[in-house]
Amino acid sequence: MSDRSQLLATGKSFAFDAETDAEFERLAARYPIRESMIMPALWLAQQQQGWISAETIEYVAERVGTYPAKVFELATFYTMYHLRPVGTYHICVCRTLSCYLRDKQEIVDFLADEAGIRPGQVSDDGRFSLEEVECLGHCGSAPVVQINGEFYEDMNVEKLRALLTTLA
Amino acid sequence: MEVKILSARFDIENANRIDVARQHGAYQTLDTLFAMEQADVIETVKASGLRGRGGAGFPTGVKWGFLPKDTGKPVYLAVNADESEPATFKDRYILVRDPHALIEGIIICSYAIGCHDSYIYIRGEYTSQVKILQQAIDEAYAEGYLGDRVAGRNFRLDVTVHRGAGAYVCGEETALLESIEGKKGQPRSKPPFPAVVGLFGCPTIINNVQSIASLPFIITNGADAYKAYGTEKSCGTHLFGISGHVEKPGMYELPLGLPLAEVIETVAGGVWKGRRLKGVIPGGSSTPVLTPDEVATVTLDYESMAAHKTMFGSGGIVVLDETVDMVKLVENLIAFYHHESCGQCTPCREGLGWMLKIVRRLLAGEGTVADIKLLRELCDNIEMKTVCVLSAACTMPVRSYLDKFRDEFEAYAIDGAPEQTELREG
Ligand SMILES: Cc1cc2nc3c(=O)[nH]c(=O)nc-3n(C[C@H](O)[C@H](O)[C@H](O)COP(=O)(O)O)c2cc1C
Ligand code: SF4
Ligand code: FES
């Protein structure tokens, strides 16, 4: 999320752990060309480290056998790759059609005003980050919120307030 | 009104697990399938009248027939599980509640078209869903339904899940192929069509999840059994997703051809809070809006939607009540398409941005009547001048709001923003 124009370096080298490595090799055998592995490798890297750093880009390029610029291109085109660390809890609120019609704005306002969590930002304590995203495919139970991949449907301010205290 | 063809196993507990699914009929088509000639499978699917459920409604069997024969190249099947068109949430039910129907459908399609490597492209946001799907695939491998000898036959089939990572445009079939090839999701110009030059330069069929999951019923029960549902030209059943301002939003499987007004009233519980209907988006955000008068006469099939100058689309029905501000709704829509433009065509990349600016100007009370005309002209100038139809998916609905709810745009242009007035009064 946030600024997608520049990579951050951690200053430490990156490498897949043994389990991730095995999954990388399993998938690589499924494609006739190596470039197909850029997206899966970025996903694996993000699962391991939480976000995509400059070192991750270099590592993925090396593993796939391509240029870092190609990996960077995909990491910036596809919005789900985090080029910055996100909060312990990364909150996505759907801003699109059906959620808009069923008052997603109340949820965004609550997060900003009461919980101090603003779109595109990580809270000072690092616990929360917020992103407004496009339709999440749960329009029949709008508005929806996704936290660390988990969907919360038919949301409203009360439910979200209660949920945040259980996460805190 | 509801029927259970695709959704037959949706309410069975743990039907995502292979043993439970099998107890309830999964994989029972395969004996019939492998006793058929490949060409007969294609003919049966053609005869069933099944049309693509991803939005465009192209006849599935006819599409398969476009594959060139004996090219010496592998044939690929890419299953479209990108499901990112706003208001569309039907394929997810298949992925989560009955993934084995999808896998069985993939076996049927792959056998018919001679494919040995299939990819399921699933949107990145479906995180728990992809785990359930992968578990089902792993089970299918373990039980011998996938792998070197499918169901003990001399037929190899591998199925690989490829995760997207947040780009609506990758639902467009050639962008999807680019994405699997490890590139940005930028649609290709056609021709050549994917059936001839598709994935990795080879002949490729792309079908929606629901299209593929419809196949086991058709092969088991025959084309006529499928055609018994729906209308003469719009055959079978569809998973309709009803959202927005209704009492009971949700996913409902219905035969095609039912009156929309009745479906909203009896299936979805009517407009919520006792309010009046203002309009209905019939098939996902890119389909032109219908007024209450039109809603009263339209039926849920391809022909009636076309006769009402809109589209059946993805079956994502959005009900709008009387409180909806159509100008704000249009702002929300344009913002979506602008954000999702892949950027390779100037009319789409820049034009949608101009449209967004103009609507925002109107909303801020700084627009003029000339702006409405400008918006309309932009719609006409962007459409059909681009590589893919993402731009038209924005301009077609926007034009419908401008034409059918023009007074609301004029009110912003002439009287300024209504809320600001309210604020000043309060
Ligand atoms: C911008 C855009 C987005 C699309 N998104 C999807 C999608 O999410 N899922 C889908 O099945 N088809 C989508 N389509 C339609 C596909 O291009 C294609 O027609 C479809 O997957 C073919 O399968 P079918 O014949 O079984 O419907 C989209 C098309 C466009 C232009
Ligand atoms: S119309 Fe828009 S999304 Fe489609 S190819 Fe052109 S720029 Fe990309
Ligand atoms: S519009 Fe919010 S999930 Fe689809």
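**Notebook: ligand shells, domains and a chain contact**

Entry 1. I began with the shell around ligand 1, whose residues divide into eight nonpolar, nine polar and six charged. For these classes I count Ala, Val, Leu, Ile, Met, Phe, Trp, Tyr, Cys and Pro as nonpolar, Asp, Glu, Lys and Arg as charged, and the others, Gly among them, as polar. I note that this is a predicted model, in which local features need pLDDT of at least 70 and side-chain atom pairs count only at pLDDT 80 or more, while totals for chains, interfaces and linings use all residues. Residues are numbered from 1 along each chain as its sequence is written, and chains are lettered from A and ligands numbered from 1 in the order in which they are written.

Entry 2. I listed what surrounds ligand 1 and found 23 residues, the closest being B:Gly52, B:Gly54, B:Gly171, B:Asn208 and B:Ser211. A residue is near a molecule or strand if its C-beta atom, placed from the backbone, lies within 6 Å of it. Strand S4 (204–208) and helix H18 (390–404) of chain B are the elements that give two or more residues to this shell. The largest share, three residues, comes from S4(B). Helices (H or I, at least four residues) and strands (E, at least two) are DSSP runs, numbered from the N terminus.

Entry 3. I looked up the domains of chain B, which are domain 1 (18–227), domain 2 (237–321) and domain 3 (326–425). Their bounds come from an automatic or database domain assignment. Domain 1 and domain 3 of chain B each give at least three residues to the shell around ligand 1. Between the centres of domain 2 and domain 3 of chain B, taken over C-alpha atoms, I noted 23 Å. Six residues of domain 2 of chain B and eight residues of domain 3 of chain B take part in their contact. Two residues are in contact if their C-beta atoms, placed from the backbone, lie within 7 Å.

Entry 4. I turned to ligand 2, where B:Cys342, B:Cys345, B:Cys348, B:Thr386 and B:Cys388 come nearest of the 15 residues around it. Helix H16 (346–363) and H18 of chain B give two or more residues each to this shell. By class, I recorded eight nonpolar, six polar and one charged residues around ligand 2. Ligand 2 lies between domain 1 and domain 3 of chain B, because both give residues to its shell.

Entry 5. I checked how the chains meet: 32 residues of chain A are in contact with 43 residues of chain B. On the chain A side, H5(A) supplies the largest share, four residues. That side has 18 nonpolar, nine polar and five charged residues.

Entry 6. I looked up the UniProt record (unreviewed entry), which places the feature "binding site" at A:Cys94, A:Cys99, A:Cys135 and A:Cys139. Its positions are given in the numbering used here, feature names are shortened, and annotations may be inferred rather than shown by experiment. The four are spread over 46 residues of sequence, yet they cluster in space, with a largest C-alpha distance of 9.3 Å.

Entry 7. Is A:Cys94 buried or exposed? A:Cys94 counts as buried because it has 28 C-beta neighbours inside 10 Å. The cut-offs are 20 or more other C-beta atoms within 10 Å of its own for buried, 12 or fewer for exposed, and partly exposed in between, with C-beta atoms placed from the backbone. A:Cys139 is buried too, with 32 other C-beta atoms within 10 Å. I found A:Cys139 in the loop between strand S2 (128–133) and strand S3 (145–147) of chain A. Leaving aside neighbours within four places in sequence, the contacts of A:Cys139 include B:Ala87, B:Phe89 and B:Gly241.
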